[in-house]
Protein chains: 2
Amino acid sequence: MNKPTVHDIAKEAGVSLATVDRVLNARPGVRDQTIAKVQAAVDRLGYVRDTSAANLARQRQYRFAFVLPEGPSQFVDTLRAALTEASSPLVAERLLVTIVTIPSHDPHAIVRRLRALKPERLDGVAIMAPETPQVRDAVDRLKQVGLVVVTLASDLPNSTRDYFVGINSVAAGRTAGLLMGRFTAQPGEVLVVTNSLRSRDSVERRLGFDAVMAEEFGHLTVLPTVEAYDDPGRMEAVVHDVIARRPRLAGVYSMGAGNTQIVEAMRRGGVAGRLTVIAHELTPTTGRALRSGEIAAVITQNVGHLVRSALRVLRTLSDRMPIFEAQERVRIEIVVRENLP
Amino acid sequence: MNKPTVHDIAKEAGVSLATVDRVLNARPGVRDQTIAKVQAAVDRLGYVRDTSAANLARQRQYRFAFVLPEGPSQFVDTLRAALTEASSPLVAERLLVTIVTIPSHDPHAIVRRLRALKPERLDGVAIMAPETPQVRDAVDRLKQVGLVVVTLASDLPNSTRDYFVGINSVAAGRTAGLLMGRFTAQPGEVLVVTNSLRSRDSVERRLGFDAVMAEEFGHLTVLPTVEAYDDPGRMEAVVHDVIARRPRLAGVYSMGAGNTQIVEAMRRGGVAGRLTVIAHELTPTTGRALRSGEIAAVITQNVGHLVRSALRVLRTLSDRMPIFEAQERVRIEIVVRENLP
DNA sequence: TGTGAATTGAGGTACGCACCTCAGATTAAG
DNA sequence: CTTAATCTGAGGTGCGTACCTCAATTCACA
């Protein structure tokens, strides 16, 4: 038995092709009774629309913009690479992706860039941007002009974005906590560093981390979070300082960027490999440090996954189809030396 | 600028549509010189074949069979579920998947099933089967009759299969070893259990595990592998026995199935939660045990990944296209309580 | 019962590509 | 220069769906 086509449906339902078409594409001008007849025929024959033919006929183009922060970040770099890598074979499937770069720390500039997106030349937008009221409003505006909007890696929970593709930061922090606790047998202190606690991700990671440490690992004392404010020099200085002053230091939890500096500070302090270091995001730096034993574990999200999931979600939402949640759930990956990709 | 079509290529190259078609589809009867002209036009215009239209015109159907072992195995069950889940939305993309069940322990029956696959009604086969000479020969025969063959989860390295979709067992064992060593601070003994050391996977996992333990974790003594020979009762009895006899037991590495029995034996022995248990494959049982703290970590491969990767590879190879390795590399995932999906 | 509105049918074109035929042009060999 | 072999062009059809037009039918309501 061959795959049924619209013709088969028409025959089966005893209606014309035009009516089948009207029903399938939810066009007006069909009685409920007739709709039901067609639906019944569809169910009976197990008809599934041939997306290839449909896209071809409809001249469908999926035009998406990815809005990513600029500036030196290995994570964004790998994300960008994964994006170009994932989207280039998809031109064959009528997918057009443009990348828009935004300055990370200038909300007004971000808003300007978002306003410059032309809704008539675009179907959807994936955004990775810090959470500020201005950005949130700009996102809401994108929704209002009819675009599909997904947030990527870092969510804007109070906006009207359609979907968030990324991992749960609290759970990521909890995972880091568990590894820190189990990897560090001797009692001691744990340093927590990040660029800024103003970012929601950092706050949530810290929350999860602290919760697990308090619940289960009483032998470790978690020190207050140290912030480096995007200054690599400061990052290295601060970490080096703590290492020098705290002989009982047993672990370091790095919640964000700056891992190169942290490793460097540990080397200078002569404690490289002796502290349990848990970091986020698998990058060239963290990969090397895993290999050398200077970082014990990395909590990461697969950027390839992230990007492909975002593309799938954008496409699905553009088609007003339901999302297959299970497939889009991005895993919190744990990488140690032995399971490096 | 719109996407170039074959018409644009014909115009650009100064040849007819028929010639462009001959070149693009590698049909004979075109001079090298003309081929070069067309290729140049393709490159200049950045032409990419519209796969939707191509598949439509060509009436392409991808007909794949998945050969999976029968019998009670949570891993295979989840794999099967993932397969039906992943393939049902793909009928819209002309993908037809049939599942063939084989008895795990009867090589001759497996061979019969493989011989029953009709190459004229099939484009490719994904196989998960134990490694025996008979099976290997049957796989080679499938290749000879023109099918694309990929091995799934468990490889047949000496066969002529086109591709293996799964994880490196040695690396998986090494990962287990690393976690065992780092999670278990006190000196002691480690029990290693599997159903059978006749399976290549088990041997390789043990290899990797032992290597890491020897290299880095001298405080732990790894006991000889205990085999349960697919007998749940025996599995529970053996593990319970070891627990009773070995007071210095600090960890258990479960390389295969039977995790339900292992957990049960630990409960009966009163050591549940006190031993470091590392197991393979995330299943309902191991998930529950992670939550309850009776298993410390699970090494797993994402079955959804596995299945989607196999489908992609089968399709790509059927089209005689190159495989995008990076995307198909299945990660060795580490799951602890806090990053359970 | 008639009227206007709502519903349905018949038929067409188009999307981009694959694949076919057959005639005409070009080339190489004799 | 002829002949045969090789190459190329022109044109066609069909894949399954979307979307359009226009006429025909049915329906609701007065």
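Predicted model: local features only at pLDDT ≥ 70, side-chain atom pairs only at ≥ 80, totals over all residues.
**Around DNA strand D and into the two chains**

Sorted by class, the surface near DNA strand D holds 13 nonpolar, seven polar and five charged residues. Here Ala, Val, Leu, Ile, Met, Phe, Trp, Tyr, Cys and Pro count as nonpolar, Asp, Glu, Lys and Arg as charged, and the others, Gly among them, as polar. Residues are numbered from 1 along each chain as its sequence is written, and chains are lettered from A and ligands numbered from 1 in the order in which they are written.

Of the 25 residues around DNA strand D, those that come nearest are A:Thr5, A:Ala57, B:Ser16, B:Thr34 and B:Ala57. Two or more residues each come from helix 2 (17–24) and helix 4 (51–58) of chain A, and from helix 2 (17–24) and helix 4 (51–58) of chain B. Helix 4 of chain A has the largest share of this surface, with five residues. Helices (H or I, at least four residues) and strands (E, at least two) are DSSP runs, numbered from the N terminus.

The two chains also meet each other: 31 residues of chain B are in contact with 31 residues of chain A, contact being C-beta atoms, placed from the backbone, within 7 Å. On the chain B side, helix 4, helix 8 (169–183) and strand 11 each supply at least two residues. Helix 8 of chain B gives the most, six residues. By class, that side has 14 nonpolar, seven polar and ten charged residues.

Chain B has an open sheet of five strands in the order 2-1-3-4-5, with parallel pairing; strands pair if DSSP finds at least two bridges between them. Its edges are strand 2 (95–102) and strand 5 (163–165), each pairing on one side only. From one strand to the next, the twist averages 25°. Strand 1 (residues 62–69) of chain B runs parallel to strand 2 and is joined to it by eight bridges, with B:Tyr62 partnered by B:Leu95. Across strand 1, strand 2, strand 3 (124–127), strand 4 (148–152) and strand 5 of chain B lies helix 13 (residues 303–318), at about 165° to strand 4. For such angles, axes are lines fitted to C-alpha atoms, for helices over the stretch in contact, and the range is 0 to 180 degrees between N-to-C directions.

Strand 10 of chain B pairs in the parallel sense with strand 9 (residues 276–280) over three bridges, and B:Val298 is the bridge partner of B:Ala279. Strand 10 of chain B also pairs with strand 11 (residues 333–335), in the antiparallel sense, over three bridges. There B:Val298 stands opposite B:Val335.

Methods. Near = placed C-beta within 6 Å.
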